[in-house]
Every structure is written in structure tokens, then in C-alpha cells.
Number of protein chains: 2
Amino acid sequence: MHTLDIHSATTDQILSLDNIRSVLIRLEETIVFQLIERAQFARNAKCYVPGGFPELAEREGWTSSWLAWFLKETESTHAKVRRFEAPDEYPFTNPELLPTPILAPVTYPQLLWKHAVNVNDQIMKFYVESIVPGITRTLGENADDGHYGSSAIRDMEVLSALSRRIHFGMFVSESKFRAAPASFIPHILTPNRDALAALITKPAVEAALLVRLAEKAKVYGQDMDRPGANAEDREKERKIEVDTVVRIYKTFVIPLTKEVEVDYLLTRLEGVDQRQVEEMLRTDKFVG
Amino acid sequence: MHTLDIHSATTDQILSLDNIRSVLIRLEETIVFQLIERAQFARNAKCYVPGGFPELAEREGWTSSWLAWFLKETESTHAKVRRFEAPDEYPFTNPELLPTPILAPVTYPQLLWKHAVNVNDQIMKFYVESIVPGITRTLGENADDGHYGSSAIRDMEVLSALSRRIHFGMFVSESKFRAAPASFIPHILTPNRDALAALITKPAVEAALLVRLAEKAKVYGQDMDRPGANAEDREKERKIEVDTVVRIYKTFVIPLTKEVEVDYLLTRLEGVDQRQVEEMLRTDKFVG
């Protein structure tokens, strides 16, 4: 079960670590495959530079990049149907530029405490500076194939999956906080980032993730277009390198998720009634 | 090489059967994976019914379906950056509803003869009536999980890949026509659909395709979330059935591609100079 029925799922179901893990694990496939889809096209560096397409400034008054324009257009459509009211969806576009929903709000159960976490700027920066050059290198160090629309559509898919994966860390934080509030509260009040990070970090889980991810990248990235070919030949024509995918998680996705998890926890008690905080400290039972 | 540099590719390169086949083969992975992505969500039949979301009529004046609205919005963005000027891209939305490009036209080499082929209505019908119910059955015969935006976004990805795959048949027709015009011309003039279909059909190629596709569906659809599990257990938790994918190609993609190929050929001589037609018939060399 990777998605819950939003009509009927309860807070406890959504915040169960089993559910959260199944979503995160399923997103690995999406991220690996969307990286492969993007890697079909050249780096197309022009798409990421503000003003790279003068027509966008002349005709649309848009002075940022080609990709940022695609995101603004697409996220505008999605905002109309309330995508960003979901607690696991965050826009790359400045929310002031997005329209208001045309649908009545869904009443989601109260899952996350109010917060101001949105690391999409960091995701975009790493994506443009490191991920795109990394996965497109085999087509030429700074190649341009002219498929700007196709590559931007794949960029958005990768970014959207990465953003959902990384911000989902807040569900991990909330779930763990509810399970043992007395362990978290002192470090939130101090505040102590390292202690909070230690509470949510499971090295064995991270190690297992990287093994599983390498396996997925190995399987998805192989050349399956010649069914007769032996395993060695299939490896020669890989669509993406296993190491590249693992490195993206190891140096970027995992650390940034942890940052999100800690950032979220740091403001978790803002506005919580003092007596509730004391009761949670005393009983180690979540009160909400 | 699955994509050509649109700045520098020549007509001969684009229309080489090797290039066309590599595009078609690469699209198999995209189609299989996007089907898997869509299959995460329930059938959500409401999204395909005109008037299923009254808010779209009230707020946007849109009386067709939720999915058709997503397509119209998304294709409007893409039309602005001239997606549908490419000879392998066809919109699902009525072109009269789409904006004109804001970018200057790309000068594509003359690849296809002028034609009026667009089978997206047929693709949509089969998708809604057969593909969606088929790939979502394991979540419940007529289930609804409320993830209407997420499922519509995946719908668009599947439809776009299927449409590109099927319309790409016209490149096959053009390529084969140019290679042996004297074989085609009499059957175009008669006209004789069956004879034209026979000229472009390669049963061995189709058989190999279905074998390769089954292999891809087998590999991509397996459950890779438990690296310790043996092959048998991985099969139990499949994301998509191999047979379902093979059936989509066998009963739908391949026959409709053939229809597109023949439809294109039937008007291939309209407006061609009579002397050129005679020269091609006499010499069996393409004149264009």
C-alpha cells in the first residue's frame, strides 16, 4: 500500500511508520526512473539560466529561467485544483504567483504541526548544479540537443518526486515525536539540532536504503533493448550509472531530509499549550 | 541514441529505420513505467466523466472531464513553447482552444508529407474504457481514492507516451515509402488498405517486440522493495501484470499504429506533381 484513500485514512494510519516507509520506498523507483527519463536528453544548460530565452521576457514578462517558467505554469494549473493544500506537496514557484484553488478545500486530518519548512530552493540549486550535469555527462560535458520542452518536462518530474521525498521527512518527525514526546521536548526547548538528528537517525535503515536503491538503479538502468544480450553487454549500455544514483541519495537526499526533519521539530512546540508540554514530558504520551 | 539533436540532425538520419526503431523501443520503457506509476492510484472513474467536477463548469466554464481539463491546461502551456509544431507531437485538446506559440518556429527538416492524421480520440477512448480499469483492478473494481490530481498527472504521461508511439508510425511509413516508392504508389492510387498494410507489416518484428515488452514489464513490474526476497515472492507483489501490458500492445498499440501508418500513406500523393509520381514508379527511387 503506497497511497492511502484520502477520504477515509485516519491520522494514525497516515502517520504510522509503516505507511511512511512504504511511501518513501516507492518514491525511490519514481526518482530512479524519472532520472533515467531526463538522462535521455542533453544537459541543455540554457534552460536553467535566468533570461536564457529572451522570448519569455518579451512575451510573458518572465525574467527567470525556462524551467522556472514551466514550473510556474504547471504549478498554477495544479494550484487551481488545490495540490499545495496537501501536506506533502510544496511548490517551487513563489506562492504569491500561484492562483487560489477553484475546488473547495479537502479536510485533511491534522497531520503536521504548523511550520514554514520549504527547501525547494536548495533542491533546485543542487539539481541544476549537480544532478543534471551528472546524469547527462555521457551525451557530452555541456551538450545541447534543442529538446528544451522535453527536458523541462522531465526536470519537473524529477524535482517533484525529490521534493515530495524530502519534505516527507516531516511525517517521520511527527510520527517519532508522537511516539516518544518526552525524548524530543528537552532538545526542542534547548534547542539542540544534533540531539534531535540523533533521535531520528537510524544508520541501519540508511544503509539498507542505499543497498536497495543501488539494486533498483541496477535493474532499471540496464539496457533491455536486446533480450538476447548477456548481462555483461547489458551493463555496457546503461541508461544511468548506479553510483550516480546512490551518490545523489547519499550526499543530498538523505542529509537534506534530515535537515527538514530537524527544522520541523525545532518549531514543533510553538503555540502548544504549556500544560500539554509538561504532561507530555511527564507521561511520555502524546497529547494533541 | 534515442533522441537526435534537432539543431543538426538531417532528414536521412531522422527517417533512418534504425533511428525510428530506437525511438519506438525506448518508448516501451516509458510506457511500461508510466502505466506502473498510474497503477498506484485507484480507478477514480469520476475523473473521466464530463461534468464529474461541477466546480470546473462553475469556475472555469469547462463542461468536459477533469482529465480533459488537465490536458487543456497542460497542452496550453506546451503549445506556447511550440510543442505541437514538432512532427511527432499531437495534442489531445482541440487545437482551436490552444494558444499560439510565443517562440519563433523551429525550422524542422521536411519529414512528413502534409496529413490530417490524429488518432488521439481513439487513444483516449481505449485508455479510459480499457487501460485504466485493467491496470487499477487490484485496488478494487471501481475504487476511488480521492487522489484525482495525482492520477490525472499520470494519465497525461501515459497518454502522451502512447500518442507519440502510435503517431510515430507515420515516420515508419514515410521511411518505407522513400525506400521503395514504386511498391507503394499503385496501392495508394487504387486505394488498397490491405496491400499497404502488408507492405509495412513485419510479423517477425512484431513478435520480437512482444517478447521484449514482456521482459520489460516483468523486470519493471517486480517488487524490488525487499532485496532479500526470492524471485517467487517478488512476483507475488507485482506492480503490474505482464499480460496486461502485452495485451495493451497486442490488441491496441500495434493495430492502431498500423491504422495510422496506412492512413498516412493513403494521402501521401495528394499534391505531389504527376511527373514525380511517374518517375518514382519507373525508377523506384524517391523524388521529393
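Biologist: What makes the largest nonpolar core a core, and which residues have the most contacts inside it?
Modeller: A nonpolar core is a set of buried Ala, Val, Leu, Ile, Met, Phe, Trp, Tyr and Cys residues joined through side-chain atoms within 4.5 Å. The largest one has 144 residues, with Trp66(A) and Trp66(B) having the most contacts inside it. This is a predicted model, where local features need pLDDT of at least 70 and side-chain atom pairs count only at pLDDT 80 or more, while totals for chains, interfaces and linings use all residues. Residues are numbered from 1 along each chain as its sequence is written, chains are lettered from A in the order in which they are written, and side-chain values use heavy atoms, with hydrogens and water left out.

Biologist: Which residues of chain B is Trp66(A) in contact with?
Modeller: Val81(B) and Leu103(B); contact means heavy atoms within 4.5 Å.

Biologist: Why is Lys80(B) with Glu60(A) called a salt bridge?
Modeller: The rule wants a side-chain nitrogen of Lys or Arg within 4 Å of a carboxyl oxygen of Asp or Glu. Here the closest N and O atoms are 3.4 Å apart, so the pair passes. Between chain B and chain A the count is eight salt bridges.

Biologist: How do you know that the copies meet through the same surface?
Modeller: Because 100% of the interface residues of chain B are also interface residues in chain A. The contact takes 50 residues from each of chain B and chain A.

Methods
Buried < 20%, exposed > 50% of the residue type's maximum accessible area, 1.4 Å probe, protein only. Lists of a residue's contacts leave out its neighbours within four places in sequence.
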